[in-house]
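Hi,

Here's the structure I promised to pass along.

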Amino acid sequence: MDKVVRMSSDKGVVIFSKSSCCLSYAVQVLFQDLGVHPTVHEIDKDPECREIEKALMRLGCSTPVPAIFVGGKLIGSTNEVMSLHLSGSLVPLVKPFQANLC
């Protein structure tokens, strides 16, 4: 679990994904459209995949992937991110992590 906590707090926006997960890809595209470049950890390419999945579930993820963290805090999965976006709460949440668009 320490590895997951460390990985999720290394960068502003972190997505735990699997390389074949279309929902993870959709969330990545959403963040990119908002000017945020998320760090993506494709756990199926990590030798500790099973342990990472278990740790994500213990942290409160309803499904192992996608698991989205903003500022080291678990936001949730695709449903939670889309709900935040539709309510207008996602942009202020990720504003500190937006790339400088000059």
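A quick definition to start: a disulfide here is a pair of cysteine sulfur atoms within 2.5 Å. Bear in mind that this is a predicted model, where local features need pLDDT of at least 70, side-chain atom pairs count only at pLDDT 80 or more, and totals for chains, interfaces and linings use all residues. Residues are numbered from 1 along each chain as its sequence is written, and side-chain values use heavy atoms, with hydrogens and water left out.

Cysteines: searching the whole structure turns up zero disulfides. For cysteine 22, the closest cysteine sulfur is in cysteine 21, and at 5.8 Å that is too far for a bond. Cysteine 61 also has cysteine 21 as its closest cysteine sulfur, but 12 Å away, so too far for a bond. Cysteine 22 is exposed at 60% relative accessibility, while cysteine 61 is buried at 7% (buried is under 20% relative accessible area, exposed over 50%, partly exposed in between, with a 1.4 Å probe and protein chains only).

Helices: helix 2 (residues 22-33) packs with helix 4 (residues 78-87) at about 30°, axes 10 Å apart (helices are DSSP runs of H or I, at least four residues, numbered from the N terminus; axes are lines fitted to C-alpha atoms over the stretch in contact, and angles run from 0 to 180 degrees between N-to-C directions). So helix 2 is roughly parallel to helix 4 (angles under 35 degrees). On the helix 2 side, Leu23, Val27, Leu30 and Phe31 meet Thr78, Val81, Met82 and His85 of helix 4, contact meaning heavy atoms within 4.5 Å.

Cheers

Key
Helix = DSSP H or I, 4+ residues; strand = E, 2+ residues; numbered from the N terminus. Parallel < 35°, antiparallel > 145°, perpendicular 65-115°, else oblique.
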